[in-house]
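Open the model in your viewer and keep a selection tool at hand. The stops below go from the whole chain down to single residues.

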Amino acid sequence: MHPIKIAIADDHTLVRSAIISTIQSQISVDVIAEGENGKELLLAIEKSNQIPDIAIVDLSMPVMNGYEKWDD
């Protein structure tokens, strides 16, 4: 079975790191992208050339929050 591909965005570095550590210690996952805001996450996903199975996104972040649509 292939690992689950996850992308994570949170503007709090410690929170983001804790989520990644917790998830990776419990199940077979690959964190393919992470960012401090939604725009950074989308750029990291694009750079990874992979599509995440799951995205964990903070709803309240600067630059681009979890509600906004990127119109680049």
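The tour starts with the whole protein and then moves through selections one at a time.

This is a predicted model, in which local features need pLDDT of at least 70 and side-chain atom pairs count only at pLDDT 80 or more, while totals for chains, interfaces and linings use all residues. Residues are numbered from 1 along each chain as its sequence is written, and side-chain values use heavy atoms, with hydrogens and water left out.

**Whole protein.** Colour by secondary structure: there are two helices and three strands, in the order β-α-β-α-β from the N terminus. Helices (H or I, at least four residues) and strands (E, at least two) are DSSP runs, numbered from the N terminus. Of the 72 residues, 28% are buried; buried means under 20% relative accessible area, exposed over 50%, and partly exposed in between (1.4 Å probe, protein chains only). Contacts are heavy atoms within 4.5 Å. Among those between residues at least 6 apart in sequence, 63% join residues at least 24 apart.

**Helix H2.** Select residues 38-48, which form H2. Which of its residues are buried? They are Gly 38, Leu 41 and Ile 45. These three lie on the same side of H2 because they cover an arc of only 60° around the axis, the arc being that of the directions from the helix axis to the C-beta atoms. An α-helix has 3.6 residues a turn, so residues three or four places apart point the same way. Now show strands S1 (4-9), S2 and S3 (54-57): they are among what covers the buried residues of H2. Turn to the other side of H2 to find Glu 46 and Lys 47, both exposed.

**Ends of H2.** Select Asn 37, which caps the N-terminal end: a side-chain oxygen of Asn 37 lies 3.0 Å from the backbone nitrogen of Lys 39. After H2 comes Asn 49, with a positive phi near 60°.

**Arg 16.** Move to helix H1, where Arg 16 is found. Arg 16 counts as buried because its relative accessibility is 7%. Leaving out residues up to four places away in sequence, Arg 16 touches Ile 8, Asp 10, Glu 34, Gly 35 and Glu 36.

**Ile 27.** Finish in the loop between H1 (13-26) and S2 (29-35), the place of Ile 27. Ile 27 has 47% relative accessibility and therefore counts as partly exposed.

Notes: Polar contact = N/O pair within 3.5 Å; in protein donor to acceptor, adjacent residues only side chain to side chain.
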